[in-house]
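I will write down each thing as I look it up.

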Amino acid sequence: MSTPAQAPAAPPAGEAPLAVRLRGIGKRFPGVIANDDVNIDVRRGTIHAIVGENGAGKSTLMKILYGVQAPDSGTIELSGEQVSLASPADAIKHGVGMVFQHFMLADNLTVLENVVLGAEKLHGIGGDAKAEIARISDAYGLGIEPDHLVESLGVGARQRVEILKVLYRGARVIILDEPTAVLVPQEVDELFDNLRGLKAEGLAVIFISHKLDEVLSVADEVTVIRRGTTVRTVDPVGVTARQLAELMVGSELPSPSTEASTVTDKVLLHIAHLSLPSDEGRPLLDDISFDIHKGEVLGIAGVEGNGQAELVESIMGMRKGATGDVVLNGRDLSTTSTRGRREGGIGYIPEDRHRHGLLLDAPLWENRVLGHQTREPSARRGLIDKGAARADTQRIIDEYDVRTPGVDTLARALSGGNQQKLIVGREMAGAPILLVAAHPTRGVDVGAQGAIWAHIKKARREGLAVLLISADLDELIGLSDRIEVILRGRLVGSFDPSHVTPQQLGSAMTGASDETVTPTTDTPTTGTPTSGETA
Amino acid sequence: MSPRVTRLVLGLAAPLLALVAAFAITSLVLIIAGDPVGGVWSTILQVPAERNMANIINNATVLYLSGLAVAVGFRMNLFNIGVDGQYRVAAFTAAVVAGEAWLPGYLNTALAIVCAMAVGAAWAGIAGVLRATRGVSEVISTIMLNFIATGLVAYLLRKVAVREAGSNEIGTKQIPEGSRIPSIPFSDNPAISLYGFLVIAAFFGFLFWFVLNKTRFGFDLRATGQSTTAAVASGINVTRMTIGALLISGAIAGLVGLPILFGDAYAYGSTFQSGLGFAGIAIALLGRNHPIGIAVGALLFAFLDEQSNPLQIIIGVSPDIVAITQGVIVLTVVISYEVVRRYGVRLEQRHVASALEKHDPAGPASPTDSTTKGVSA
């Protein structure tokens, strides 16, 4: 379904009055132009999607519109009136509300308490507030009970509470920052129904995403942002996901496509019956078994939250309670510590480099030592070898093109792409035999993305086994020799990337693989970057 | 300026800023209370006499060990508030062991020191195990252990105490002369001298620096303090590090009372100096958990204590005014470090940006891209 299934029921874009008009918005951070000459018009009663790669400047733009940051240049008009927003409170006063990707709810309070928190003056905290919540919930079909405890709600319901919160505060423009990232497909559908409800009531919805299929199915207008500036605003009818993707990344979609197979029949990583129980019922990982051979990249595809992070952390020995065999090059590491597994030859590019990959307030050379404290050249006989560690950091900086003034720079001061290149360089040091790469190009710029892909290909050529986790299906298809799909903690299907389409992967990822997917005739069949469909 | 020099300058700027602010606030308190601001500061800030100087250094030795003990925990984001209790049980243990004199001469001293460190470590280790295995906040458990320590020592003192002749005080047996640590002469007057334990304290300061900055263990400890999650991913056993850090912190805390015990009091009695553990928290904060910084902080606190003694006699102001200064320092230090840290991060980012622009004016974009601009991350 690369053509939008939902025919836009909104009034033609040219007629409805403007809710938001951004002109020439610019924002600089030291050394970085986050936004430059951004122009966007959002009409009432429409869903306006803003798409762009991670780091393209979407979040900064929305922070500006929500008053979190002040623009350096440009004007913001809301309903025809020019405003300057000094704080989120200002933005709310002007009818702009934002739903963040990470919910800001107090679990141990009820929905009512969460909603009125900070807005006590509007309808009090008692019966009036409750009636208002019930009214909003009914009007927009949110299905929220004011007296439920937030901790008892699922993710989708929590998100609806967040939406209700901004509606309660009188928002007429609602910004949703990557709202589908945390949702399972059914919840995505429900969310989209809710958004259409909001639209029907004349609200303007700004929907930030990089999932193109979702954008095409729900948006009335799509604005593409690249490198901090608005590239074009397009009508989703008559545009393909591939065209959008090309607008997002530039003239040419970088292709991760891989060279001739280097797969051998020597098993380097053997995983058998790996399980990880959870406190509440369904196990996080359920009897996972696979092998990765020398020179092979195994890709794991799945909707986020289906056990990818747990799988990686179990292989790394970071999860207590994981059972099953982890055998690396014939050596059983099942009961070995994380350090032992790293010393045994596992390089690890973690999913969240700020939380798991770096010491942000430490210099680069100390970050080079991190994870290699027990091995040369970082350490010798229990002592940190500062000189050798610094020299090797410089080597990584040179070989991996880490843009930094020197090895004493704090990791925090580098851009995401350069931080990630440093991590890749570090994890490739010490001759690993297995590279575990979790979302290796997430949140990095296109240049760094290409470089990291090249390094993964090089690792494969050099005979490493690579476990690649990614939410980017093109990356998976382009880099992997084999793709396994993970769904609710189980491996549910194995695919050959040279024949699979993103649509087939998408069906498997959402558990719809039993239905035979036949591409419709208007769908290009040459591996277009339409991400997995969610319907 | 190179980033390292910048960092050093910023590192010095923060405590100076904090001190200036603390002095200003103290002056404000004096003005509001109607006390002579000038008189107070001229009394406090005069050059100390030789005798006072010796007192300052001796007190600083004790405070230094206390600051070191707290700093070990701080480096790992552990808040060991229990140094007070740890040094009491340890000093008491050392006094009993040394008083019994099972071994001759300095062997007896060494045994007592080792016992003190072991007991201090064990006392802190209780909090470490609770934290590592049950998730009990070390702040709560160490505070509670302080009270238990006070009670336990008072109870045990009754058991082992001997009444000093001609006094109502009770204390442990006197340490035999051969096991006392000789003092270091400081002036022509033989009554004015420094604790011999000063050398041991300095040695532990060096050891602290060496272990934290040069060894793998120290790296693990600092890494855990900076980011537990990154530490886990890098293969550090955080549970073990938590217990280890508190054991070391407690072991150093066990030394806190010993300069007094072996250089001055020679017995643990009901009047043994208390409250040294809490001063250590302020000193560690002021000294940025760095052994030199802690030394400066300890000297400053000892200086303020010593110089405020004559305030009451000379100008009729309560010497407790310096307690206000010391308390305010703790607050201003925390604030100014955060302010300076943020400024430092901004400075660093700007430095990186300008350095990269010089090297690479085209920016990181691909040449085919016509809209080449900086890329945010």
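**Entry 1: one pair of residues**

I50(A) stands opposite I208(A), which belongs to β8(A). I note here that the model is predicted.

I step back to the strands themselves. Strand β3, residues 47-51 of chain A, pairs with β8(A) in the parallel sense over 5 bridges. I then look for another partner of β8(A). Strand β7, residues 173-177 of chain A, also pairs with β8(A) in the parallel sense, over 5 bridges. There, V173(A) has A204(A) in β8(A) as its bridge partner.

Is β8(A) covered on one face or on both faces? I check each side. A204(A), I206(A) and I208(A) are buried on one side. V205(A), F207(A) and S209(A) are buried on the other, so both faces are covered.

**Entry 2: chain A as a whole**

I look up some totals. Chain A has 18 helices and 22 strands. Buried residues make up 54% of its 535 residues. I also check contacts in chain A with a separation of 6 or more. Residues 24 or more positions apart account for 70% of them.

**Entry 3: a mixed sheet**

I trace an open sheet of 6 strands in chain A. The order is β16-β19-β20-β13-β21-β22, and the pairing is mixed. Why do β16 and β22 each have a side without a neighbour in the sheet? β16 (346-349) and β22 (490-495) of chain A stand at the edges with a single partner strand each, so one side of each is left without a neighbour. From one strand to the next, the twist averages 20°.

I zoom in on one pair. Strand β19 (residues 434-438) and strand β20 (residues 465-469) of chain A run parallel, with 5 bridges between them. V436(A) has L467(A) in β20(A) as its bridge partner.

Next I look for helices on this sheet. Helix α15, residues 416-428 of chain A, lies across β16 and β19 of chain A. α15 runs at about 170° to β16(A). Helix α18, residues 502-509 of chain A, packs on the sheet too and touches β13 (297-301), β21 (482-487) and β22 of chain A. The direction of α18 makes about 30° with that of β21(A).

**Entry 4: an antiparallel sheet**

I find an open sheet of 4 strands in chain A. The order is β12-β11-β14-β15, with antiparallel pairing. β12 (285-293) and β15 (331-332) stand at the edges, each with a single partner strand, so each has one side without a neighbour in the sheet.

Strand β14 (residues 323-328) of chain A is joined to β15(A) by 2 bridges, and the two run antiparallel. L328(A) stands opposite R331(A) in β15(A). Helix α10, residues 308-315 of chain A, lies across β11 (267-276), β12 and β14. The angle of α10 to β12(A) is about 65°.

**Entry 5: two helices in chain B**

I turn to chain B. How do helices α4 (residues 83-100) and α12 (residues 276-286) of chain B cross? Their axes come within 6 Å and cross at roughly 135°. That makes α4(B) oblique to α12(B). The crossing is right-handed.

I list who meets whom. V83(B), D84(B) and Y87(B) in α4(B) meet L276(B), G277(B), F278(B) and G280(B) in α12(B). By class, this contact has 4 nonpolar, 2 polar and 1 charged residues.

Conventions:
Residues numbered from 1 in each chain as written. Chains lettered and ligands numbered in written order. Predicted model: local features only at pLDDT ≥ 70, side-chain atom pairs only at ≥ 80, totals over all residues. Pairing = 2+ DSSP bridges. Axes fitted to C-alpha atoms, helices over the stretch in contact; angles between N-to-C directions. Contact = placed C-beta atoms within 7 Å. Buried ≥ 20, exposed ≤ 12 C-beta atoms within 10 Å, placed from the backbone. Parallel < 35°, antiparallel > 145°, perpendicular 65-115°, else oblique. Left-handed = near helix turned anticlockwise from the far one by under 90°. Nonpolar A, V, L, I, M, F, W, Y, C, P; charged D, E, K, R; others polar.
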